[in-house]
Amino acid sequence: FDATDIGGSSYIAHLNDAAAAIAMGRCKIALVTLAGRPRNDPPQPRPYGPEAGWEMPLGGTPPNIYALAAHRHMHEFGTTSEQLAWIKVAASHHAQHNEHAMLRDVVTVDDVLNSPMIADPLHRMDCCVVSEGGGAFIITTPEIAKSLGKADIRVQGAAQAIKGQDGGRIDLTYSGAAFTGPKAMEEAGVKPSDIKYASIYDSFTITVLLTLEALGFCKIGEGGDFVSGQRTAPGGAFPMNTNGGGLSALHPGMYGIFLLCLLYTSDAAD
């Protein structure tokens, strides 16, 4: 078993490790699960990294740490709050069709910008919901999967990397996806232009923008233009997080497992 906790992306890492174990013959079936109750259970403390001595005394929390990244991206590239708001707007348009979504009301850019400021420049609607929830998926051999007679998904590429603080050379304008994206796509034999749908972690609107850029769907600094309009909404050129994502549907502490479950349901629906 493996209970490694690297935050919301833990379940992507578990998929990677399970697929490797199956390929090595270490096992034939692996089960990955999540159950989260953040609305009732207080969050458990996580081990602090080397930056903790500078951040924690000032009250470092997910919203204000992500706000630092948003401010830096705005400073470097001219990204605007309006552009970030389009990510939430698109999520709401998807969520209206999900009967299980926590927030199903469609919102506008003005709604996002007029919602209370949580950590400048992130408004309340720039932040994910806090929900209860759980999920699970099974990884197995191609032979066993075929014998089940059901739709399946083949793992074609996966990667893990550590960005961290890079020995003090801290750059908040990109995420670790700049390392993992190219590796996973190379393994799968695809490039960003081949991908027509993506499940992108959306703990905050800025998370989405940074990840899209790092994965190569647009150039670094051009994410604001990429997400503007209804590009990632239903009927847009690049639909994303069609269940409403963490911004509108659910986010029980760590959302990564639902990115994988959503890939399955999207594929099965097609």
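This is a predicted model: local features need pLDDT of at least 70, side-chain atom pairs count only at pLDDT 80 or more; totals for chains, interfaces and linings use all residues.
Residues are numbered from 1 along each chain as its sequence is written, and side-chain values use heavy atoms, with hydrogens and water left out. Local features need pLDDT of at least 70, and side-chain atom pairs count only at pLDDT 80 or more, whereas totals for chains, interfaces and linings use all residues.

A search of the whole structure finds two salt bridges, each a side-chain nitrogen of Lys or Arg within 4 Å of a carboxyl oxygen of Asp or Glu. One joins the side chains of Glu76 and Arg72, at 2.7 Å from N to O. Both residues belong to helix α3 (residues 62–77), where they stand four residues apart, about one turn of the helix. Helices are DSSP runs of H or I with at least four residues, strands are runs of E with at least two, and both are numbered from the N terminus.

Glu76 is partly exposed, at 41% relative accessible area, and Arg72 is partly exposed at 36%. Here buried means under 20%, exposed over 50%, and partly exposed in between (1.4 Å probe, protein chains only).

Lys191 and Asp194 form a salt bridge at 3.4 Å, N to O. Lys191 is partly exposed, with a relative accessible area of 46%, and Asp194 is partly exposed with 39%.

The surface also carries a nonpolar patch of Ile29, Leu31 and Ile138, with about 340 Å² of accessible area together. Such patches join nonpolar side chains (Val, Leu, Ile, Met, Phe, Trp, Tyr) within 5 Å, from residues with over 30% relative accessible area and no salt bridge. Accessible areas come from the Shrake-Rupley method with a 1.4 Å probe. Ile138 lies in strand β4 (residues 133–140) and is exposed, at 59% relative accessible area.

Key: Patches are made of residues with over 30% relative accessible area and no salt bridge: like charges are joined within 9 Å, nonpolar side chains (Val, Leu, Ile, Met, Phe, Trp, Tyr) within 5 Å.
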